[in-house]
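Biologist: I would like a close look at one part of this model. Please take me through it step by step.

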Amino acid sequence: MAIANWSETKASPRLMAARCGACGEVFYPAPKVCTACLSTDLSDTPLSDEGKLYVCSKIHVQNPKFPGPYVVAYVDLPEGVRIFGQLDAESGEPPLGSSVRLYPGQVGIDKQGGAIIGVRFKPL
Amino acid sequence: MRDVSIIGVGMSAFAKRKEDSVADIAQPAILEAMRDAGVLPRDLNAAFCGSVFSPGSSGQRILKGLGIHGLPILNVENACSSGSSALREAYIGIAAGLYDVALAFGVDKLTALGGGALPLLDEDVEAGQGVIMPAIYAMRARRHMEEFGTTREQLAAIAVKNHKNSVHNPKAQYRETYTLEQILNSRPVAEPLTLLQCCPTGDGAAAAILCASDLAHKFKGDPVRIRASVLRSGTFTDKFRDMTVSELTVDTAARAYEMAGLGPKDVNVLEVHDAFTIGELMYYEALGLCAHGEGGRVVDEGLAEIGGRFPVNPSGGLLSKGHPVGATGVAQIYEIVNQLRGRCEQRQVDDARIGLTHCTGGGSAGFDHVACTIHILEKA
């Protein structure tokens, strides 16, 4: 099960946002219409695969869907959008503001026991 | 617009009441408010029920057992602001002249959900990847610490204060004091927040009777004037946002102060949405009680203690009194009305003339929060 919109290319998958053909606004995740000008002329556009860690927090709550502990984070991309995901922090959390790489990875377990594939961040 | 007053309030003791129905929980609180006001079912022109997790049509189901039926009854869901949004609906109806007397109440039974963090929608892009309400507040705390040097100890001291206040509140879910070390050493939930910095889950209800101020003399209840009643919803963005600013509360507060013709310096006592310690600290700033980034100083100087310059959460707040979500906004009104009437005994704030309630919440990707209400009340 996937909860993030990743591009098909296996080599360097990119998170796909929507760009409005009328006014140029970029949105993630994609809305049905451009929320700035209400145009329906939206097309997929790949986002950068690197960003800066805005903030993170280690979660200790136990939940069958998200077996803890795990680290949630917001990462700011050059396109001006902020992405939520989980941070690889086995070797400790990097300082806020550090560069991280985005990649598709497991963030949880779905009801059938399969992996939920979302957004993960790897410290660089 | 007519002037509106609150002439009666009631509240259940907040507790875990797994065996009781929503009606069992709500009816005594409503009855207490009606007796306090001196109104009978026939005096009511409308009723508003705020709840998040109660079954549909709960307002009608609860009120039939108190002889209240036939009149307009509206069920209101608006995240943690459900009860306070119900109260605002009653206010609007009376101010507009549609009703003279109306009931507003809030109720929720969180033990029916099985405990733990409140459920968020799986389809939400953040909740579906592991966000929970404590995580949202924890990330705000982390940024606030990073940018302003706010400390874990300052956050924990807010829990110490609110737990200390609730010792004198017979209706609070927890009535024990905790040391700073106990708060800091309780188990981690979402770093840097520990368990005793997160509000508990529980069950409860609170009710208020509102009346056109010029008709209040017809009833025995000791009236308190509503100077401001404001509801706002959060602004959505997927772009950058400063997580150290509670922007929805800033917006709501500015409008509430304008409506009341008052400012933060005029407020003598506040009930604020302290679902987590960092929330209360950031709301000191957002409500204009101090400048942005100076919440830690408010803690260090004891300004929000009972006896301080602007006591916050004398009831114990959500952290200690409890947070049955739909009930909370009206329970805050219960406390402020009784503070302004001078009925709070050992937790009474001296010379309280103006009080403020602030209730906000709802976790959804791209929002600060989904809803916020502020009410400013004045001793008649």
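Predicted model: local features only at pLDDT ≥ 70, side-chain atom pairs only at ≥ 80, totals over all residues.

Is Asp20(B) buried, partly exposed or exposed?

Modeller: Asp20(B) is partly exposed. Its relative accessible area is 24%. For chain B the mean pLDDT is 97, and 100% of its residues reach 70 or more. The model as a whole scores ipTM 0.95 and pTM 0.96.

Now look at the partner of Asp20(B). Arg17(B) forms a salt bridge with Asp20(B). Their closest N and O atoms are 2.9 Å apart.

Next, compare a pair with another setting. Asp36(B) and Arg341(B) also form a salt bridge, with the closest N and O atoms 2.8 Å apart. Asp36(B) sits in helix α1 (residues 22-37) of chain B, and Arg341(B) sits in helix α11 (residues 325-341) of chain B.

Glu247(B) and Arg241(B) meet in a salt bridge, at 2.7 Å from N to O. Glu247(B) is partly exposed, with a relative accessible area of 27%. Arg241(B) is buried, at 15%. Over all chains, the structure holds 31 salt bridges.

Salt bridges also link the two chains. Between chain A and chain B the count is four. One of them joins Glu93(A) to Arg142(B), with the closest N and O atoms 3.4 Å apart. On the side of chain A that touches chain B, β4(A) gives the largest share, six residues. That side divides into 22 nonpolar, six polar and seven charged residues.

Finally, take the whole contact. Chain A gives 35 residues to the contact, and chain B gives 27 residues. The area buried between them is about 2800 Å². Carbon and sulfur atoms give 56% of that area. In chain A, Ile3(A), Tyr54(A) and Phe84(A) lose the most area to chain B. Together they make up 21% of what that side buries.

Methods: Residues numbered from 1 in each chain as written. Chains lettered and ligands numbered in written order. Heavy atoms only, no water. Contact = heavy atoms within 4.5 Å. Buried area = accessible area lost by both parts, 1.4 Å probe. Salt bridge = Lys/Arg side-chain N within 4 Å of Asp/Glu carboxyl O. Helix = DSSP H or I, 4+ residues; strand = E, 2+ residues; numbered from the N terminus. Nonpolar A, V, L, I, M, F, W, Y, C, P; charged D, E, K, R; others polar. pLDDT = per-residue confidence, 0-100. Buried < 20%, exposed > 50% of the residue type's maximum accessible area, 1.4 Å probe, protein only.
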